[in-house]
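Subject: Structure for your review

Dear colleague,

Please find the structure below, together with its sequence. My notes on what was found follow it, and I would be grateful if you read them alongside the coordinates.

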Amino acid sequence: MLSVHLILFLAFGAVAVAGAVNLLVQRHPINSALSLIAVMAALAGEYLLLGAEFVAAVQVIVYAGAIMVLFVFVIMLLNAGEEERTRGSRVAIIFGIPGMLLGSVLVAWVVLTHSGTETVPAGVWPERLSGVPAQSVPGSPHTIGPLLFHQFLLPFEVTSILILIAIMGAVVLASKPTVAGSPPKKVKD
Amino acid sequence: MPIGWYILASVIKSAIVLFALLTAVAYSVWLERKVVGHMQNRWGPTRVGPFGLLQPAADGLKFLFKEDLTPPHVYKPLFLAAPMIAVIFALTSIAVIPFGDGIKIGEHWIPFQITTEVNTGLLLILGVTSIGIYGVALAGWSSNNKYSLLGGLRASAQMVSYEISLGLSLVGVLILAGSFNLNDIVRAQQGHFLGFIPRWNIFVQPVAFFCYLMAAYAETNRIPFDLPEAETELVAGYHTEYSAMKFAMFFMAEYANMITVGCLAALLFLGGWNGPVFGPSIVRAFLPVIWFCAKVFVFLFIYIWVRGTLPRFRYDQLMAFGWKFLLPLALANLIVTAIVVVVKPS
């Protein structure tokens with residue numbers, strides 16, 4: 001008999017795949033963006049099934065809630081219309097299908113050879129967490145927090161600086177060009 | 001507990017909570033009309049039933065029987081989906097909110113909550129409300145009308161901007177409680193300071209409460225931040241083209257969001273269901289739920305009070321307030337809280 005877990009896993013997986021296919025098939029950008037949101041939400045469901053509550057919540061808040069809102073925003077502002085169907089580029093047909101096959105073979109190989117082994121290297125979990133009550137399963141905020149701010153502090157901070165640079169770049173690109181030498185015009189309140 | 005019983009219990013609890021929530025939505029509309037009426041020296045609804053108490057039922061019937069227009073120039077699939085998205089996600093977020101501790105029936109412990117305790121309950125509520133933005137944004141876009149589009153854009157810009165302050169204002173509370181679990185956060189507020197002041201977060205984190213209050217008004221598009229539906233400039237904003245039950249769904253979503261925000265305020269800042277408990281065991285079990293509802297009611301009343309008092313902000317004032325005042329304030333509060341928690345000997 002199928003367990004509830006497996007049924008839910010298959011259901012969320014089906015939604016994710018259907019959303020991804022719909023994303024490609026739809027001709028209107030806003031429909032594609034909405035199917036991407038469905039994919040994100042279905043992935044969040046899969047994370048929940050794996051016990052990664054925090055990652056699931058962050059997936060919904062950051063991707064489905066924040067980033068995709070900006071996508072939809074841009075589509076609404078630019079008033080992007082329906083796309084025209086083309087026959088596709090020849091390069092994509094020649095290299096696309098073999099590339100896709102190669103990619104899936106690689107993923108399948110990695111999954112098959114590494115399944116059953118420990119996914120988390122030994123010693124990653126800080127030892128003082130071993131006494132924490134049962135709610136601190138791997139993936140709960142109690143385990144992710146110390147990992148981010150002790151073990152992986154440097155990558156975490158480097159990523160934040162990277163995002164800061166991206167924001168500053170966007171501001172510089174979006175600001176109105178001023179005539180060289182003249183001070184930027186003050187905006188009246 | 002076998003999974004069948006678990007699902008049955010969840011369905012029954014969902015039905016009860018949904019019924020209570022929708023009734024509360026209907027009567028908060030009545031309360032708003034009544035309170036604002038009295039503030040403006042009017043009577044508010046008086047004709048249908050005593051004190052106009054049956055007015056929500058009459059309004060509901062009216063919405064059902066009105067002609068449901070779909071203008072010809074709209075993008076139909078999303079025009080139909082938008083009110084559903086708005087109302088579904090507004091009602092979903094109530095699922096993880098605990099209304100009380102729970103009750104023991106036989107040998108089963110039944111928590112007063114649709115789900116069991118969720119470790120990331122607060123994050124789930126934030127996530128669901130952030131998806132609710134799509135209802136408003138898509139309604140504005142799919143109506144194919146300049147006023148609707150402006151309303152939808154304003155709403156989504158405002159909600160995205162104030163979500164940051166909202167989240168940051170909550171982090172101080174989270175640091176104090178050390179958990180995303182709403183039940184844990186309430187349990188951390190048990191007890192008293194100096195023997196008589198309840199250990200509620202509003203007394204420990206007043207700045208965070210202020211930020212939360214402001215951001216909550218903006219998130220629910222209420223006065224003084226109701227620019228998405230500013231009738232003097234935008235006709236009715238994102239729901240200009242909607243009529244009958246579809247319009248009522250946006251209305252329901254707005255008030256359900258108000259109630260959810262009020263529930264969160266009660267849980268995070270007003271001590272949740274903590275309060276004096278006395279009497280026989282059955283009263284003991286349900287008294288916390290009454291305290292909780294009373295706190296949510298106070299929050300809703302403040303909402304209406306503010307609506308009867310303040311004028312609307314200008315759009316640039318709204319954005320400047322959110323980004324230049326509220327965000328730095330919430331950040332400063334977060335830093336101070338973190339330093340105090342680290343320095344203070346526990």
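In this predicted model, the C-alpha centres of domain 1 and domain 2 of chain A are 23 Å apart. The domain assignment places domain 1 of chain A at residues 1-81 and domain 2 of chain A at residues 137-174. Where the two domains of chain A touch, domain 1 contributes 5 residues and domain 2 contributes 5 residues. On the domain 1 side of that contact in chain A, the residues comprise 3 nonpolar, 1 polar and 1 charged.

The contact between the chains involves 16 residues of chain A and 18 residues of chain B. On the chain A side, the most is given by helix α3 of chain A (residues 53-78), with 12 residues. The composition of the chain A side is 12 nonpolar, 3 polar and 1 charged.

α3(A) packs with helix α5 of chain B (residues 146-177) at an angle of about 155°, and the two axes are 11 Å apart. Because angles over 145 degrees count as roughly antiparallel, α3(A) is roughly antiparallel to α5(B). The crossing of α3(A) past α5(B) is left-handed.

Which residues meet where α3(A) and α5(B) come together? From α3(A) they are Ala66(A), Val69(A), Phe73(A) and Met76(A), and from α5(B) they are Leu149(B), Leu153(B), Ser156(B) and Val160(B). By class, the residues of this helix contact between α3(A) and α5(B) are 7 nonpolar, 1 polar and no charged.

As to confidence, the predictor assigns the complex an ipTM of 0.77 and a pTM of 0.80. Chain A has a mean pLDDT of 77, with 78% of its residues at 70 or more. Chain B has a mean pLDDT of 84, and 99% of its residues reach 70 or more. Among the elements of chain A, the highest mean pLDDT (91) belongs to helix α6 of chain A (residues 153-174), and the lowest (81) to helix α5 of chain A (residues 141-151). The pLDDT is below 50 over residues 117-136 of chain A, and this stretch has 14 contacts in the model beyond near neighbours in sequence.

With kind regards

How values were computed. Residues are numbered from 1 along each chain as its sequence is written. Chains are lettered from A and ligands numbered from 1 in the order in which they are written. This is a predicted model: local features need pLDDT of at least 70, side-chain atom pairs count only at pLDDT 80 or more; totals for chains, interfaces and linings use all residues. Domain bounds come from an automatic or database domain assignment. Two residues are in contact if their C-beta atoms, placed from the backbone, lie within 7 Å. Ala, Val, Leu, Ile, Met, Phe, Trp, Tyr, Cys and Pro count as nonpolar, Asp, Glu, Lys and Arg as charged, and the others, Gly among them, as polar. Helices (H or I, at least four residues) and strands (E, at least two) are DSSP runs, numbered from the N terminus. Axes are lines fitted to C-alpha atoms, for helices over the stretch in contact, and angles run from 0 to 180 degrees between N-to-C directions. Angles under 35 degrees count as roughly parallel, over 145 as roughly antiparallel, 65 to 115 as roughly perpendicular and the rest as oblique. A crossing is left-handed if the near helix is turned anticlockwise from the far one by less than a right angle, and right-handed if clockwise. pLDDT is the predictor's confidence in each residue, from 0 to 100.
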